[in-house]
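Dear colleague,

I am handing over the structure that we discussed, with the sequence alongside. Please have it open while you read the notes that follow.

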Amino acid sequence: MKPAQFKRLQQLLACPTAPFKESLVIAEVEQQLQTSGVDYFFDPHGNIVVGVASAKAYKKILNQRSKEPVRVFIAHMDHPGFHGVRWLSPTRLAIKWFGGSPKKHLNGSQVWLATNEGVTCKGTLRKTKLRKDKRAIETAEVVLDSALEIKTSATQLFGGFDFRRPVWKSGKRLYTRAADDLVGVFAILETAKLMRAKSKSAKQPAFIGLLTRGEEVGFVGAVAHLESGWLTSATRPVIAISLEASRTLPGAIIGKGPVVRLGDWRTVFNADSLKVLSDLALKILPKKHQKRVMDGGSCEATAMTAWGIKTIGISLPLGNYHNEGYEGGMDCVAPCGPAPEFVHLDDIEGELKLCAGLMKAGLDWGDPWEVQRQRLRKNLKSFRRYL
Ligand SMILES: [Zn+2]
């Protein structure tokens with residue numbers, strides 16, 4: 001990865017974020033888009049639509065007369081974390097957790113706290129209570145390292161688990177607070193930049209990036225966007241591509257390449273479009289990609305599928321999914337306790353190549369099985385006499 005590109009990745013990964021508290025990521029995204037001259041606008045729910053300057057331009061692309069599908073790449077800007085609820089004393093804050101979390105070794109762990117201006121202080125978690133289903137934190141108290149200098153209302157504050165730094169490299173591993181899904185956001189920004197550079201050449205297929213909010217509590221931003229009807233009423237074919245970092249599993253090993261994601265915990269994705277992605281991966285990343293259902297969690301592809309959009313996915317195998325130390329490593333205090341997420345730089349590079357590959361004109365979205373059918377017919381011919 002080029003140093004400038006790596007710097008953009010680091011800047012994104014350094015942004016504090018939590019569900020519905022994505023403002024600092026949004027500010028960094030806007031900065032990067034403006035620097036590279038890529039158009040964007042905000043939908044009414046605060047999701048960022050990348051690659052077009054207005055709702056009008058977005059609708060125009062979705063309703064152009066063309067057989068070439070619009071590629072809609074989706075990633076989310078939030079990550080599990082907490083919101084401040086009320087002050088219990090000048091240094092004790094009651095908090096509510098949003099999204100997944102570790103379930104063990106919670107009390108005494110370090111957290112960061114931020115407002116829309118940035119990180120304001122650090123603190124320690126105590127009195128954590130898990131949800132009824134025991135799958136994540138429900139509420140807790142944060143004891144601040146010191147009282148805040150500026151008077152801040154409790155509800156302005158949000159936070160998450162804190163580690164030695166927001167992001168650091170060890171070999172080819174990138175440790176960070178929230179690889180899920182800020183690496184996906186990065187991949188969309190880089191693809192947008194690439195498309196912007198190529199936009200003068202003719203016949204470039206249409207690119208849209210959708211950067212969403214509140215994914216960790218049920219794809220809230222994505223569903224709000226779908227409900228607004230732009231994508232569902234498109235008269236031109238649309239392919240949604242979910243970019244995620246998802247829990248490493250057997251067959252989805254960190255460092256062995258990006259994963260052609262056949263499905264998530266809830267559903268399988270679109271078979272025809274997956275054939276295109278799978279063939280593409282074989283061609284441009286031979287032996288450097290993986291393929292499987294990533295059922296460690298569900299993702300926005302589920303929402304897209306539920307709203308009738310043809311959807312595929314690319315996943316980065318992720319260590320310590322949702323900061324739960326399944327794989328351990330640096331700054332993981334105890335097994336399954338709070339830990340930084342980690343991804344592999346080679347996997348990110350592979351993902352960027354796949355995204356660029358999907359933007360090529362002339363991929364066989366219309367009849368991806370034609371070659372396969374020919375092969376099977378030939379096979380039938382050679383075995384027919386046994387029938
Ligand atoms: Zn995610």
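Which residue in S9 is the bridge partner of Val111? The partner is Phe161, and this bridge belongs to the antiparallel pairing of strand S6 (residues 110-115) with strand S9 (residues 158-161), which runs over four bridges. Two strands are taken to pair if DSSP finds at least two bridges between them, and helices (H or I, at least four residues) and strands (E, at least two) are DSSP runs numbered from the N terminus.

Before going further, please note that this is a predicted model, in which local features need pLDDT of at least 70 and side-chain atom pairs count only at pLDDT 80 or more, while totals for chains, interfaces and linings use all residues. Residues are numbered from 1 along each chain as its sequence is written.

The pairing of S6 with S9 is part of a barrel that six strands close in the order S4-S5-S8-S7-S6-S9, with antiparallel pairing. On average, neighbouring strands of this sheet are turned by 40° against each other, direction ignored; the axes are lines fitted to C-alpha atoms, and angles run from 0 to 180 degrees between N-to-C directions.

As for the chain as a whole, it has nine helices and 17 strands, and its C-alpha atoms fill a box of roughly 80 × 50 × 40 Å along the principal axes.

The domain assignment, which is automatic or from a database, gives domain 1 (3-79 + 168-370) and domain 2 (81-164). Their C-alpha centres lie 28 Å apart, and 23 residues of domain 1 are in contact with 22 residues of domain 2, where contact requires C-beta atoms, placed from the backbone, within 7 Å.

Not counting residues up to four places away in sequence, Val72 touches Ile208, Leu210, Leu231, Val238, Ile239, Ala240 and Ile241.

Some local points may deserve a look in the viewer. The peptide bond from Asp180 to Asp181 is cis, with omega near 10°, and Asp181 has its place in helix H4. Lys134, in the loop between strand S7 (118-130) and strand S8 (137-144), has a positive phi of about 65° although it is not a glycine, and it counts as exposed because it has 8 C-beta neighbours inside 10 Å. Lys287, in the loop between helix H6 (271-284) and strand S15 (290-293), also has a positive phi, near 60°, and is exposed with 7 other C-beta atoms within 10 Å.

Finally, Gly325 is found in the loop between strand S16 (310-318) and strand S17 (341-344), yet it counts as buried, with 22 C-beta neighbours inside 10 Å. Leaving aside neighbours within four places in sequence, its contacts include Pro102, Cys332 and Cys336.

With kind regards

Notes. Contact = placed C-beta atoms within 7 Å. Buried ≥ 20, exposed ≤ 12 C-beta atoms within 10 Å, placed from the backbone.
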